[in-house]
Amino acid sequence: MKHRFCLVSLSVKQHNLNLLFQAISAATHPQPQVDFLKGEPHRKHPGVTNLKTLRLPEELHVAAQSIIHSKLSVGKSLTNFLWSRKRAVEDLTLRQKAVSLEKELWEKAMQKGGDEQAMEDRIRRKVLSELRRTTYHWAPTKYDEELGVVYMAARLAGGYAAVRRALNEIKKRDPSFAPHTLLDFGSGLGTVVWASHACWGDSLKEMVCVDSSGPMNILAEQLLKGDDERAEPCIKQVYFRQFLPVSPKVQFDLVTAAFTLSELPNVKDREEAAFTLWRKTSSYLVLVENGTKEGHQILMEARDTLLKKQEKTVYDSRPASVFAPCSHELVCPKLAHEPVTPCNFQQHYQPLSLPRIEKFSYLILRRTEAVEEGTKGVEWARLIAPVLRRTRHVHCRMCCPDGQLQHMVVTARKHSRDMYRCARSSDWGDQMPIIRGVEEDVNSDSE
């Protein structure tokens, strides 16, 4: 009995000592009182923009299933092709490569000697042969009726998930935004219409879908009608076009281009497209591409074009600012470090077959007239990798407002209980609060 009393006494003393150490720790590491939660529970803090596993709207799922039939196996090959696709090699790059190769071959040939005319012919043939062998042969993808159905089997659910996740960023962070008009460039199967309608419903009064492929427009309209020509479309006020509206003064509240810029053959065309889409944007421009190096770099091209260059004729003087995912407008640190890795995110979704994860990259810019309300003393960084939850600490890899990649180890003792619980509730793609004045365990991330 006496031994039990001693054990209880020791336990109480230990508990009291723990409380004392906590009090001393709190005194030596005071936490600033910043209400970045804004009344939300930790698992739903303002930086959380990830969505649970997404399912296609029931009407869209049923309509797609009735059209697809046996195209799923062919669709896998198309998915692999689109994922591995690169940008076309620019003419200037090709010329520079040819000159360099020709110079190298001439130096070797001159050492051996011989007839110059014969050497010139031989070198020309070798240069052409090597260029054909090593140059990526890009060609536009032309979607006829059959390939459109294959694309639907392969990419409908994944494309919808990526776009829906990107649009959710706007819905979550700018709840007052209620778009009335939408322009979708390269609309394909119309997934942007479905994703936008899921976010803003009947607020949208006019949705213009532009795609150069007539068969794709027909297929998108079929999906809206449930594969029944006589039926009314599930979503009203959707208009299909093969060309963009001509007038440069016509603007839309929301402008999108999902997996479209990668279908343009060169930098010049992509730059012109970015300017054209921005000219037609009155509030938000949303660009989405595959989460590959190529997709990320295409978005960074568009970002640099709209932030650093200016058109000859400006119809709307409000400049562009980056809304997401970047927490800054500096050079992307992912491009500055070797080896270059894409800035991408993932979204779980329920496809037409088995559950999968869609990796995608995205860019949202907005007119700077409307200023987002923030919390004084708080900056938001973007989580660029899965969060590693460990005992009493959380590893967060982030892209910070100063344009640097950082690896932060978040603990309740150093960063406050609220921030620690938010970190445990956050995941890849969410935003994390950085409170100025908090002692941080941060390492520069040069990976």
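I began with Glu-329, which touches Arg-303, Leu-307, Ala-320, Ser-321 and Val-322, leaving aside residues up to four places away in sequence. Contact here means heavy atoms within 4.5 Å.

The model is predicted, so I noted its limits: local features need pLDDT of at least 70, side-chain atom pairs count only at pLDDT 80 or more, and totals for chains, interfaces and linings use all residues. Residues are numbered from 1 along each chain as its sequence is written, and side-chain values use heavy atoms, with hydrogens and water left out.

**Entry: Glu-329**

I placed Glu-329 in the loop between strand 7 (320-324) and helix 11 (333-336). Helices (H or I, at least four residues) and strands (E, at least two) are DSSP runs, numbered from the N terminus. I looked up the cover of Glu-329 and found it partly exposed, with a relative accessible area of 43%. The cut-offs are under 20% relative accessible area for buried and over 50% for exposed, with partly exposed in between (1.4 Å probe, protein chains only). A polar atom of the Glu-329 side chain lies 2.9 Å from the backbone nitrogen of Val-322. I also checked Asp-304, which is 25 residues from Glu-329 along the chain; their C-alpha atoms are separated by 9.2 Å.

**Entry: the whole protein**

I noted 13 helices and 15 strands in the protein. Of its 447 residues, 47% count as buried. Among contacts with a separation of 6 or more, 78% are between residues 24 or more positions apart.

**Entry: nonpolar cores**

A nonpolar core is a set of buried Ala, Val, Leu, Ile, Met, Phe, Trp, Tyr and Cys residues joined through side-chain atoms within 4.5 Å. The largest one has 58 residues, of which Met-152, Ile-170, Leu-223, Leu-254 and Val-288 touch the most other members. Helix 6 (residues 145-173) supplies the largest share of this core, 13 residues. I found a second, separate core of 27 residues, including Val-210, Leu-261, Leu-287 and Val-322. In soluble globular proteins, nonpolar side chains tend to be buried together.

**Entry: helix 6 and its partners**

I looked up helix 7 (residues 191-200) next; helix 6 packs against it at an angle of about 40°, with the axes 9 Å apart. Axes are lines fitted to C-alpha atoms, for helices over the stretch in contact, and angles run from 0 to 180 degrees between N-to-C directions. The two helices are therefore oblique to each other. Angles under 35 degrees count as roughly parallel, over 145 as roughly antiparallel, 65 to 115 as roughly perpendicular and the rest as oblique. On the helix 6 side the contact residues include Leu-156, Tyr-160 and Val-163, and on the helix 7 side they include Trp-194, Ala-195 and Trp-200.

Helix 7 is mostly covered, with eight of its ten residues buried. Among the buried ones I listed Val-193, Ser-196 and Cys-199. Just after helix 7, Gly-201 takes a positive phi of about 55°.

I then turned to helix 8 (residues 214-224), whose axis comes within 9 Å of the helix 6 axis and crosses it at roughly 55°. Helix 6 and helix 8 are therefore oblique to each other. Glu-145, Gly-148, Val-149, Tyr-151, Met-152 and Leu-156 in helix 6 meet Pro-215, Met-216, Leu-219 and Leu-223 in helix 8.

**Entry: His-296**

I found His-296 in helix 10 (residues 293-308). His-296 is buried, with a relative accessible area of 3%. A polar atom of the His-296 side chain lies 3.4 Å from the backbone nitrogen of Cys-343. Not counting residues up to four places away in sequence, His-296 touches several residues, including Asn-290, Cys-332, Lys-334 and Ser-361.

**Entry: backbone exceptions**

Most residues other than glycine have a negative phi, and most peptide bonds are trans. I looked for departures. The peptide bond from Ala-324 to Pro-325 is cis, with omega near -5°; Pro-325 lies in the loop between strand 7 and helix 11. Another cis peptide bond joins Glu-338 and Pro-339, with omega about -5°, and Pro-339 lies in the loop between helix 11 and strand 8 (345-350).

Gln-237 is not a glycine, yet has a positive phi of about 55°. I placed Gln-237 in the loop between helix 8 and strand 4 (238-241), and at 39% relative accessibility Gln-237 counts as partly exposed. Phe-259, also not a glycine, has a positive phi of about 55°. Phe-259 lies in the loop between strand 5 (252-258) and helix 9 (267-279) and is buried, with a relative accessible area of 15%.

Key
Polar contact = N/O pair within 3.5 Å; in protein donor to acceptor, adjacent residues only side chain to side chain.
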